[in-house]
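Subject: Structure handover

Hello,

Here is the structure I promised to pass on. Please open it and keep it beside you as you read. My notes follow below.

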Amino acid sequence: MEKQRSFSLKRTKFFIFSSTVFFSIIFLTLFSFWAFKSDPLIINQEAHFQFKETESTSVRFVTKPLNLNSSTPRFVNLSQTHFKKPLNTSNPSTSLKIFDGFERNSRNIDGVNGGTEGEINSSVVNLSQTHFSKPLNASNPSKSLKIFERNVNISDLKPVVYKGGKVCDVTKGKWVFDESYPLYSTYTCPFIDEGFDCEGNGRLDKDYMKWRWKPQDCDIPRFNATNMLELIRGKRVVFVGDSINRNQWESLLCMLTSAIKDPKKVYETHGRRITKEKGNYCFKFVDYKCTVEYYVSHFLVHEGKARVGRKRMQTLRIDTVDRGSSRWKGADVLIFNTAHWWNHYKTRSGVNYYQEGDNVIPRLDATTAFRKSMTTWASWVDKYINPRKTQVVFRSSAPSHFNGGEWNAGGHCKEASRPLNRTATNNHAEKSSIVEEVISQMKTRVKLLNITNLSDYRIDGHPSIYGRKGGGSKGEDCSHWCLPGVPDVWNQILYVHLQSMVKKKMYS
């Protein structure tokens with residue numbers, strides 16, 4: 001009887017133990033399955049990235065996708081990498097683009113220096129010594145990365161491609177005939193005013209539209225209107241300066257509008273039509289919630305009047321910035337220029353023209369007055385512009401090409417139908433050096449957009465006798481530029497600069 005009770009007790013304990021183990025296994029299995037479903041170790045959650053800068057290292061990303069579904073072996077080196085959140089490969093069929101077209105040099109993040117390039121292609125991805133701390137959602141490769149608090153697709157930011165590891169100076173190069181140009185036409189862009197509409201005014205040759213600038217040490221990306229609109233989404237792009245800056249502003253309007261399907265989605269906020277007379281314009285791109293604006297300011301300082309003897313005469317207050325400067329504040333991209341009005345004819349040879357305070361200076365040369373005015377402008381920028389919000393650009397002087405006299409003395413350029421083989425004499429060298437000196441002493445970072453040398457070849461790009469319908473006897477225009485034409489290249493270089501600033505902000 002004692003043995004039978006003992007055997008029965010052992011069998012009960014064994015049954016309880018077996019049941020416990022069985023249900024524990026079931027519970028652990030279900031829990032593991034739930035945990036795996038709720039938190040997979042792959043990219044569906046947000047991963048965060050930031051490249052750790054290494055000394056004298058250059059990284060280049062090329063336009064090839066990393067396809068996680070490919071049968072070809074892929075090797076990803078993530079040595080010394082720290083993940084804040086797990087990567088997700090829950091969708092292996094997704095083709096993940098790794099920074100297409102992006103080139104980074106640790107010595108110059110703006111992308112103007114060459115150097116040793118380590119390539120990352122679709123087969124091998126080396127992210128050695130990389131720390132992930134900024135959002136990258138790779139579960140949806142079409143999803144944009146937030147740059148400047150706006151959506152910009154990193155795969156669309158094309159690189160400056162270097163040759164032979166040289167420093168790239170985009171001002172040195174040559175013009176190459178390219179049948180794929182222009183990027184727009186006088187018939188597709190309604191914003192070209194009469195003075196720049198050479199084709200509409202009767203110019204028959206079209207070759208002046210088809211020249212592309214090719215720097216000698218690098219290749220700059222072609223202007224992409226959609227990418228540019230993404231770069232300025234929700235922002236204000238403001239041009240301030242003389243009619244040459246209006247020339248560039250109209251060019252940018254046309255280049256951007258080429259990406260807009262519905263022309264009603266681009267309009268002037270005050271209903272104004274572009275002419276020489278009205279100086280202030282604000283065009284809104286509805287789909288991108290951005291504006292591209294122009295404000296006339298021939299000298300960047302205040303044009304006013306003062307009493308000289310018994311007469312009240314026009315003067316230039318070289319110690320006071322233009323009265324319209326309140327409109328410039330708050331811009332996200334601010335492009336300035338001045339130079340073309342700084343000549344003896346338009347400043348009355350400096351006789352009783354320049355003013356400081358209440359004092360009208362009896363005589364002052366244009367160069368000294370220009371330096372004082374640039375210093376006034378620089379002080380205003382340093383005081384009122386927030387460099388964390390606003391990219392400030394100063395465009396250098398665009399050359400004129402008058403042969404046989406000045407603009408008011410029979411000068412002409414009508415025989416020109418091709419670019420020059422060499423640059424002409426730079427009549428803006430002194431002013432350019434003053435601009436560079438003033439900018440170098442500013443607290444605010446200012447990008448000098450140097451277009452003088454490359455434009456100097458383009459004697460063929462001016463309106464000449466085609467600056468008005470039917471020509472006329474008022475002289476030729478060898479200062480402004482036909483559209484489409486040379487200012488499109490200025491905006492291409494501006495586009496490259498803004499891309500470089502996006503990339504720099506990524507890694508700052």
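First, a question to settle while you look: is Ser-349 buried, partly exposed or exposed? Ser-349 counts as partly exposed because its relative accessible area is 36%. The cut-offs are these: buried is under 20% relative accessible area, exposed is over 50%, and partly exposed is in between (1.4 Å probe, protein chains only).

This is a predicted model, in which local features need pLDDT of at least 70, side-chain atom pairs count only at pLDDT 80 or more, and totals for chains, interfaces and linings use all residues. Residues are numbered from 1 along each chain as its sequence is written, and side-chain values use heavy atoms, with hydrogens and water left out.

**Overall**

The chain has 7 helices and 26 strands. These are DSSP runs, numbered from the N terminus: helices are H or I with at least four residues, strands are E with at least two. Of the 508 residues, 48% are buried. Take the contacts between residues at least 6 apart in sequence: 80% of them join residues at least 24 apart. A contact means heavy atoms within 4.5 Å.

**The loop with Ser-349**

Ser-349 sits in the loop between strand 22 and strand 23. Its phi is near 55 degrees, a positive value in a residue other than glycine. Arg-348 lies in the loop between strand 22 (333-336) and strand 23 (354-356). Phi of Arg-348 is also positive, near 50 degrees. Arg-348 counts as partly exposed, because its relative accessibility is 31%.

**Two cis prolines**

The Tyr-181 to Pro-182 peptide bond is cis, with omega near 5 degrees. Pro-182 is in the loop between strand 13 (173-177) and strand 14 (211-215). The bond from Leu-483 to Pro-484 is cis as well, with omega near -5 degrees. Look for Pro-484 in the loop between helix 6 (452-456) and helix 7 (486-507).

**Helix 4**

Helix 4 runs over residues 366-384 and has 19 residues. From first C-alpha to last it reaches 27 Å, close to the 27 Å expected at 1.5 Å a residue. The expected span is 1.5 Å times one less than the number of residues. Its buried residues include Phe-370, Met-374, Trp-377 and Val-381. An α-helix has 3.6 residues a turn, so residues three or four places apart point the same way. At the start of helix 4, a side-chain oxygen of Asp-365 comes within 3.2 Å of the backbone nitrogen of Thr-367.

**Thr-291**

Thr-291 belongs to strand 19 (residues 290-296). Thr-291 counts as buried because its relative accessibility is 11%. Leaving out residues up to four places away in sequence, Thr-291 touches Lys-235, Arg-236, Val-237, Cys-282, Phe-283 and Lys-284. What does the side chain of Thr-291 make a polar contact with? The partner is the side chain of Glu-293, at 2.6 Å. A polar contact is a pair of N or O atoms within 3.5 Å; within protein, one must be able to donate a hydrogen and the other to accept it, and residues adjacent in sequence count only if both atoms are side-chain atoms.

**Ile-26**

Ile-26 is in helix 1 (residues 2-38). Ile-26 counts as partly exposed, because its relative accessibility is 36%.

Best wishes
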